[in-house]
Amino acid sequence: MSNLERDPHETVAGGLATVSPEPTRRLLEPREVPLGGTRAMVVRRTLPHRDLPTVGAWCFVDDYGPADVSRSSGMHVPPHPHTGLQTVTWLLAGEVHHQDSVGSQQRVRPGELSIMTAGRGIAHAETSPPDHPPLLRGVQLWVALPDGDRHVRPHFAHHATLPVVVDGGLRATVMVGSVAGERSPAESYTPLVGADLVLDRDATARLPVEADFEHAVLALGGDVTVDGAPVPAASLVYLGCGRREIALAAGSSGARLLLLGGAPFEEELLMWWNFIGRDHEEIVAFRTEWEASRAGAATRFDPVTGYDGPPLPAPELPTTRLRPRRRR
Ligand code: MN
């Protein structure tokens, strides 16, 4: 998905700009962001957060739906660019058709992972297929690429089958990295973990995690406690580093969660609109190239194969210089 905020300020890091080396528990509420375009859709954004720019290299978390799309054409995000990041598309309900500038055409379904490595630059479009199911629910995640890999050739991968770890009433689908020795085939460039967790009603679980990673858990639905403290739906609880396991307990309706973690990402990052770079000049250059490609010029952003319609224009840059942020 595109970051369609009207006025996409660079990330401003607040209280958790410093990585917690010890286990902690800090609840972060989502903010509702209306996505622009012809069909209004509101997403719940927990990263980047005023108080937390990244968790590992995870740098963007949008949670959307369930949306009734039975009487509409559903999701329609025209071609837009990305740089310096990977997008991870994960659906809980519905279907999305992905098309990109390296020629990919992919139907994404629940339980399947699409991971697009933008590297030096890619463009993609996401639309509901004409015969889409009535409900749409999903998360859109971004992973920042480290400096040594952020200019890689853009590429796309789809993983229809992922490892699943079952332990009592917990079912963990490993999206990225590994859980309990089960490793996802998805490519990552920094030590990272991402998993979809389903807890049966009244189930408790101790989820094993890497002590060197920092972690966070996003509550997708149901009712759940983490470390004994409730996590309201759509909130993200930041857990810091230094844990070997995370204690989870579901209430009578069961729960669905997303585990996000990784080695703390300590490079400077500058996120603006759909670009990740390292400084103001680089972001300006990305934007200039995207606007030139919209006018038909050959740039780092090739046209999206098979999409019929105009691409998204880049927003205006702010009048002040964009400043990168770094965690310590
Ligand atoms: Mn996108």
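Start by selecting F301: this residue is buried, with a relative accessible area of 3% (buried means under 20% relative accessible area, with a 1.4 Å probe and protein chains only). Before moving on, note that this is a predicted model, where local features need pLDDT of at least 70, side-chain atom pairs count only at pLDDT 80 or more, and totals for chains, interfaces and linings use all residues. Residues are numbered from 1 along each chain as its sequence is written, and side-chain values use heavy atoms, leaving out hydrogens and water.

Now the rings. They pair if the centres of Phe, Tyr or Trp rings (for Trp, the six-membered one) lie within 6.5 Å; planes under 30 degrees apart are stacked, over 60 edge-to-face, the rest tilted. That rule gives seven aromatic pairs. Helices (H or I, at least four residues) and strands (E, at least two) are DSSP runs, numbered from the N terminus. Both F275 and F286 are buried.

To see the whole cluster, select W272, W273, F275, F286, W290 and F301, linked by ring pairs.

Then jump to the open sheet, seven strands ordered β2-β3-β4-β11-β6-β9-β12 with antiparallel pairing (pairing takes at least two DSSP bridges). Its edges are β2 (31–35) and β12 (155–159). Zoom in on β9 (residues 113–117), joined to antiparallel β12 by five bridges; M116 has F156 in β12 as its bridge partner.

Note on methods: Buried means under 20% relative accessible area, exposed over 50%, partly exposed in between (1.4 Å probe, protein chains only).
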